[in-house]
Amino acid sequence: MEPIVELKNIVKQFPGVLANDHVNLSLYPGETHALVGENGAGKSTLMKILYGQYVPDEGEILIDGKPCRYDVTGARQHKIGMVYQNFMQIPQMSILENIILGNAPLKRGMIDYASAEKKVQSYLERFRMPVSPNTLLQNLSVGERQKIEIIKVLYFDARILILDEPTAVLTPQESEELFQIIKTLKEEQRSIVFISHKLREVIAVGDRITVMSKGRVVQDGWTRGNVTETEIARAMIGKQNVQLIQNQCEKAPGDTILRLNRLWYFDELGIPRLRDLSFQVRSGEILGIGGVEGNGQTELIRILIGMLRPSYGEILVGEEDLTGASVAKRRQAGIGFVSDDRMTEGLVLDGTIEDNVIAGNEYDAEFSDHFLLKYGQIREYCKNLIDEYDIKGLTSGKHVKMLSGGNMQKIILAREIERNPKVLIAAQPTRGLDIGAINSVRELLLEQKMAGTAVILVSADLEELMSLSDRMIILFEGSISGEVTDMKHVTEEEIGLMMGGAKDHAE
Ligand SMILES: Nc1ncnc2c1ncn2[C@@H]1O[C@H](COP(=O)(O)OP(=O)(O)O)[C@@H](O)[C@H]1O
Ligand SMILES: [Mg+2]
């Protein structure tokens, strides 16, 4: 059989990053090709090239054996469709309108709604969604909205479907449903590129498996049944040790440090994003906050650090009411924060380590003398931090944007930890890092716990939450759908049910 698509020697350079370094990939009719790799490996870039969104610097794309050059419109004519990692939809519009946007069948220059509606209806039935095509998107769950994205692509009869981390926004149960859909698409001889970094899924879905790392294909030719999760993991991260650090501490937590009482938050449209949220975190405890992304985690974090005001409820650290306090006031009260957006929120990229370490601390007596910053002292202090936190590739005066993600994260952690926070909020602290850096971050969080800090870990990575948390709560549509106090005996499936909204308290 001839491949339907061949990517040959694709090169794509971004400022400072070689995102695709002579990549080859082929796709056959009726095949699901799993593309795996850590964050930043270059998977999305490669697929955006296939989808006509980026022009490669070098290399060529063959479709049905013929070299082709095209943009996104051209990609659709070649019957290539993509479901993005962060799909964009218009929630105030109906399913039908979202699907035919830019996709409408014309009848004498007019949109033929009747035939479009019929077609969409039949897809909804096929995907077991018992709703009308006129339902507004805002009334659907994320899993259902993803199905709409797939229907959008099938609507123009795509024969090549690119699914970029489709399960990142799904519960384990919803993922299972997606796999069933993929199976039926294969039966219709459609080809699928399935991107994921969850090994179990890759093994379950991929007919062939290709592993990328740092812009390159490091493994290809693996077929289903001929490779284990461990082998894939090794290929993803190179030859290093795959053992990740776990929380093995038996020490009981101390006093309650942070209290949230009956917190509500309504967004600008009046939609409740947090509903009556109450929980506490104790000294020496890591509280994991889980849930499918978009269920209130972002709002909760922003409220905790003072970037959003809650609509109702209170936040206390010790006896101090911080509900209306500014970001600066909260820092003084002992709240430390590791942002999930280290590139724009966590760091001043054009600054040096000195600029970054003193940001937010510029009025500390150690660093300033009322009006003047004590540069000598600051430089000395940073030198010690670089040693202590093992920040590689950095010298005094060099801009931090030249660093790897792991080393950037270490600077942020160093800055926050050196303030001896009472509460440390870590949002997706290891996302996109390589395994060495992941372990450094995990170690630092565990050290903070041992030092008596109340640690809040918000993560989309269930494995990480389960390995580090002393206790977990799960958010679903802005409220707590479950709490896990016995981390030793809970299963991923049980947490998965809570992520999907099933009320449950695993004890
Ligand atoms: N538009 C862009 N501009 C600059 N750098 C980018 C852009 N898109 C991706 N990158 C960089 O290219 C590398 C590969 O990214 P990506 O293809 O998104 O990886 P993956 O999908 O495997 O996580 C990363 O280092 C990323 O930061
Ligand atoms: Mg990606």
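User: How many of the residues of H5 are buried?
Analyst: In this predicted model, 10 of the 14 residues of helix H5 are buried, and the helix is mostly covered.

User: Which residues are those?
Analyst: The buried residues of H5 are Gly143, Gln146, Lys147, Ile148, Glu149, Ile150, Ile151, Lys152, Val153 and Leu154.

User: And what do the buried residues of H5 pack against?
Analyst: They pack against strand E6 (80-83), helix H3 (95-100), helix H4 (113-126), strand E9 (160-163) and H6.

User: What span should H5 have, at 1.5 Å a residue?
Analyst: Helix H5 covers residues 142-155, so its 14 residues should span 20 Å at 1.5 Å a residue. The end C-alpha atoms of H5 are 20 Å apart, which agrees with that expectation.

User: Which residue just after H5 takes a positive phi?
Analyst: That residue is Asp157, with a phi of about 60°. Most residues other than glycine have a negative phi.

User: Where else is phi positive in a residue other than glycine?
Analyst: Gln189 is one of them, with a phi near 70°. Gln189 sits in the loop between H6 and strand E10 (191-196). Lys214 also has a positive phi, of about 50°, although it is not a glycine. The loop that holds Lys214 runs between strand E11 (208-213) and strand E12 (216-223).

User: Is Gln189 buried or exposed, and why?
Analyst: Gln189 counts as exposed because it has 12 C-beta neighbours inside 10 Å, and the cut-off for exposed is 12 or fewer.

User: What about Lys214? How does that one count?
Analyst: Lys214 counts as partly exposed, because it has 16 C-beta neighbours inside 10 Å.

User: Back to E9. Where does Leu161 belong, and what does it touch?
Analyst: Leu161 is found in strand E9. Not counting residues up to four places away in sequence, Leu161 touches Gly81, Val153, Leu185, Arg190 and Ile192.

User: Why does Leu161 count as buried?
Analyst: Leu161 has 22 other C-beta atoms within 10 Å, and a residue is buried if that number is 20 or more.

User: How far is Leu161 from Thr73?
Analyst: Leu161 and Thr73 are 88 residues apart in sequence, and their C-alpha atoms lie 15 Å apart in space.

User: New topic: what domains does the chain have?
Analyst: The domain assignment of the protein chain gives domain 1 (5-237) and domain 2 (256-347 + 422-506). The C-alpha centres of domain 1 and domain 2 lie 31 Å apart.

User: How many residues does the contact take from each domain?
Analyst: The contact takes 12 residues from domain 1 and 13 residues from domain 2. On the side of domain 1 that touches domain 2, helix H6 (residues 172-187) gives the most, with three residues. By class, that side of domain 1 has six nonpolar, four polar and two charged residues.

User: Which residues of the largest nonpolar core touch the most other members?
Analyst: The largest nonpolar core has 125 residues, and those that touch the most other members are Leu50, Ile162, Val423, Ile425, Ile456 and Leu457. Helix H14 gives the most to this core, with six residues. Domain 1 and domain 2 both give residues to this core, so the core lies between them.

User: What is Val423 in contact with?
Analyst: Leaving aside neighbours within four places in sequence, the contacts of Val423 are Ile257, Leu258, Val281, Val317, Gly334, Ile335, Gly336, Thr453, Ala454 and Ile456.

User: Which residues are buried in H15?
Analyst: In H15, the buried residues are Ile438, Ser440, Val441, Arg442, Leu444, Leu445, Gln448 and Lys449. What covers them includes strand E15 (286-290), helix H14 (405-417), strand E21 (423-427), strand E22 (454-458) and helix H16 (462-468). H15 is followed by Gly452, which has a positive phi near 100°.

User: Last one: which residues are around ligand 1?
Analyst: The residues around ligand 1 are Phe14, Val17, Ala19, Gly37, Asn39, Gly40, Ala41, Gly42, Lys43, Ser44 and Thr45. Strand E2 (17-27) and helix H1 (43-50) are the elements that give two or more residues to this shell. The largest share, three residues, comes from H1. The shell divides into four nonpolar, six polar and one charged residue.

Notes: Residues numbered from 1 in each chain as written. Chains lettered and ligands numbered in written order. Predicted model: local features only at pLDDT ≥ 70, side-chain atom pairs only at ≥ 80, totals over all residues. Near = placed C-beta within 6 Å. Helix = DSSP H or I, 4+ residues; strand = E, 2+ residues; numbered from the N terminus. Nonpolar A, V, L, I, M, F, W, Y, C, P; charged D, E, K, R; others polar. Domains from an automatic or database assignment. Contact = placed C-beta atoms within 7 Å. Expected span 1.5 Å × (residues − 1). Core = buried A, V, L, I, M, F, W, Y, C linked by C-beta atoms within 7 Å.
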